[in-house]
Amino acid sequence: MPDASTVLDHATQERLVAAAKSAAGRAYAPYSNFQVGAALLLSDGQIIEGANIENASYPAGICAERSAAAIAINQGRRDFVAIAVIGPPAEPITPCGICRQFLSEFNKAMPVLCCGRDGSVKVTTLAALLPGAFDQEQLEQAG
Ligand code: THU
């Protein structure tokens, strides 16, 4: 795992983690009681927050990471630089497989800050979390 300071400056990392925590406070997770917050850093320093939104029809729910990405894209922003994610556990959580694939569409090399409530941050990248992501190139190989 790379040290966080080699990926983002300390102040930016702090801002991103604080934003992910703030987003988690808006989660709608009455079924799992597992509130997740994500914060997506854009190239101009703007941060877009997203939380998980569950549903009585369980598969209809959406994760915090895709929630944040959907907001950004609908604001005309696809310039994803990094993402932070936090849940209730003391230990860092990692994005689920669907979110890894979803985010890899926009920046495969994106640093991912996996945060824990104990203040720990594990920095990795989407490429490390999802080697061999399915992509547009493979679609194009169909001819
Ligand atoms: N969840 C996220 O929002 N992000 C993740 O990376 C892991 C899981 C949500 C989905 C569901 O609402 C709850 O956490 C329990 O799985």
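**The ligand and its pocket**

By class, the shell around the ligand comprises six nonpolar, three polar and two charged residues, where Ala, Val, Leu, Ile, Met, Phe, Trp, Tyr, Cys and Pro count as nonpolar, Asp, Glu, Lys and Arg as charged, and the others, Gly among them, as polar. The model is predicted, so that local features need pLDDT of at least 70 and side-chain atom pairs count only at pLDDT 80 or more, while totals for chains, interfaces and linings use all residues. Residues are numbered from 1 along each chain as its sequence is written, and side-chain values use heavy atoms, with hydrogens and water left out.

The shell (residues with a heavy atom within 4 Å of the ligand) consists of Ser 32, Phe 34, Val 36, Asn 52, Glu 54, Cys 63, Ala 64, Glu 65, Thr 94, Pro 95 and Cys 96. Oxygen atoms of the ligand take part in polar contacts (pairs of N or O atoms within 3.5 Å): a polar side-chain atom of Glu 54 lies at 2.5 Å, a side-chain N or O atom of Glu 65 at 2.6 Å, and a backbone N or O atom of Ala 64 at 2.9 Å. The protein buries 75% of the 370 Å² that the ligand exposes when taken alone (Shrake-Rupley method, 1.4 Å probe).

The ligand sits in the largest pocket, with more than half of its atoms within 2 Å of the grid points. A pocket is an open set of points on a 1 Å grid over the protein atoms alone, where a 1.4 Å probe fits, with protein on both sides within 12 Å along at least five of seven lines; lining residues have an atom within 4 Å of a point. The largest pocket holds about 250 Å³ of space. Of its 19 lining residues, Asn 52, Glu 54, Ile 62, Cys 63 and Ala 64 lie nearest the centre.

How values were computed. A polar contact is a pair of N or O atoms within 3.5 Å; within protein, one must be able to donate a hydrogen and the other to accept it, and residues adjacent in sequence count only if both atoms are side-chain atoms. Grid points are joined across faces, edges and corners, and a volume is the space filled by probe spheres set on the points.
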